[in-house]
Amino acid sequence: MARMTTTIALAMVLAGCAAAGGGVSGPADAKTKAIKTATSITASERQQGAEAHPQLLQEFGGTYSGPQAAYVTRVGQNIAVQSGMSNARGDFTVTLLNSPVNNAFAIPGGYIYVTRQLMALMNDEAELAGVLGHEVGHVAAQHSKKRQSAATRNTILGVLGAVLGGAIGDSGGLLGSLGGLLQNNAMQIAQLATLGFSRSQELEADQLGVQYLKSAGYDPLALSTVLASLANQTNLEARLAGGDARSIPEWASTHPDPASRVRNAETLASRAGAGGVRNADAFMSSVNGVLYGDDPAQGVVEGRQFLHPDLRLAFTVPNGYGMQNGTSAVSVSGNGGQAQFSTASYNGDMNAYIAAVFKAVGGDANLAPSSIQRTTVNGIPAYYSTVRANAQSGQVDVTVFAYEFARDSAFHFVTLTKAGGAGTFNSMFTSLRRLNASEAAAIKPRRVDVVTVKSGDTVASLARRMAYSDNQAERFQVLNRLAANSRLTGAEGQARRLREPLTPRSQDSD
């Protein structure tokens, strides 16, 4: 969350994938089929992509400016031309995003994106190519157009209403207007609106991704290994938040369950034929020093805490709830409801501030507070109000809880729960506090440090050097796709670790 930004209500009907969903279903059968794909990039798609590109950059932290960007562009363009949509590498714009979320997506017009966080989770160039090839596959198969049709949208970016409303049975009414509140969950909800359709698309994109890997000379198994790492990371993040991603059944996820999807990709790779490069050394050289986790300039998520050194504030989410830090807001989600922490223009009138937030959230529903209560939270003047509204899915409570940091500075939570559930977030509301100077100064960026394993190194000894105070071994194993008893030799002769602060090192130094 950057300094004093406002929420952008973007409905991204993208061909893309966030973290893999959970599940315990049986293996996918890896059926292959003829997939009709585009053979060119149309002028209208180029225009749509060009118009959406700057908005997507703004929403996802902008372009990452490190040396990794050129490497990602080269690999991405090489895999993109395998799709047959264009033989010119320059027709594809491949962007490394400065985002701490494991994500990748693509939009029509030749625009392909991957976050630095997902890149850091990979172990070689073939895995990077596999992820980008999967996203290109979504565009080549024209999945975004099919999603737009299902969501009654013909543009890449637009109002979330119909998609969200359809997902929750509200026909674009009150809850369908909450695009701002649910900004960072827009992708999940858009996919949920076309659940069965989207899951089949993921398997089609996997099939095309494996095909592109093979034709580009990469090991086609790379897609399955990066999917395994992503599934492990998703489960780890869920455990750290107090939940369990595996508790989500496959039928409730927009993605096939991770285990069966990995097996599906393995089967596809075996059918494509063994062989191909992984280019681990080149990848490790490139990923060395890349920013990992949150950028302190936009605040950091530490377990259940959000801390912002520049804004000098912190809060804690309830147990079992997860956070996603975006450029304009922090989104919080769990079984009991959803919330968003953000800011807006403030001129000293808190009544007007809260009314404006309700208006922005409610859209055409014209939400307005009947009364605004005042309290003090950790010495900070605070104001709050809850509005109950009717929706086809039942009554809901929308709460705005705002804090006056200065006469010209305010922040607020917006929460959405079932009627009577507003108290779910009381502990979060009362946890907000100011950071002192020493606390703010202690927040440092983390970066990937690539090292060559030396004699005597073990998973345990390297994990102790991770720049985390908790779950060091688990984090290290997931980052490097290792088990606790893994031998750090041969193909695993290079390991990654995080240190804080970090001066990036070369691969042959320790």
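Tutor: Helices here are DSSP runs of H or I with at least four residues, strands are E runs of at least two, and both are numbered from the N terminus. The model is predicted, so local features need pLDDT of at least 70, side-chain atom pairs count only at pLDDT 80 or more, and totals for chains, interfaces and linings use all residues. Residues are numbered from 1 along each chain as its sequence is written, and side-chain values use heavy atoms, with hydrogens and water left out.

Student: Where does Asn 279 lie?

Tutor: Asn 279 sits in the loop between α10 (258-272) and α11 (280-287).

Student: Why does Asn 279 count as partly exposed?

Tutor: Buried means under 20% relative accessible area, exposed over 50%, and partly exposed in between (1.4 Å probe, protein chains only). Asn 279 has 33% relative accessibility, so Asn 279 is partly exposed.

Student: What makes the phi of Asn 279 worth a look?

Tutor: Most residues other than glycine have a negative phi. Asn 279 is not a glycine, yet its phi is positive, about 55 degrees. Arg 481 is not a glycine either, and has a positive phi of about 50 degrees.

Student: Why is Arg 481 called partly exposed?

Tutor: Its relative accessible area is 29%, so Arg 481 is partly exposed. Arg 481 is in the loop between α16 (472-480) and β20 (494-499).

Student: Why are α2 and α4 called oblique to each other?

Tutor: Angles under 35 degrees count as roughly parallel, over 145 as roughly antiparallel, 65 to 115 as roughly perpendicular and the rest as oblique. The axes (lines fitted to C-alpha atoms over the stretch in contact, with angles from 0 to 180 degrees between N-to-C directions) of α2 (residues 68-80) and α4 (residues 125-140) cross at roughly 55 degrees. Therefore α2 and α4 are oblique.
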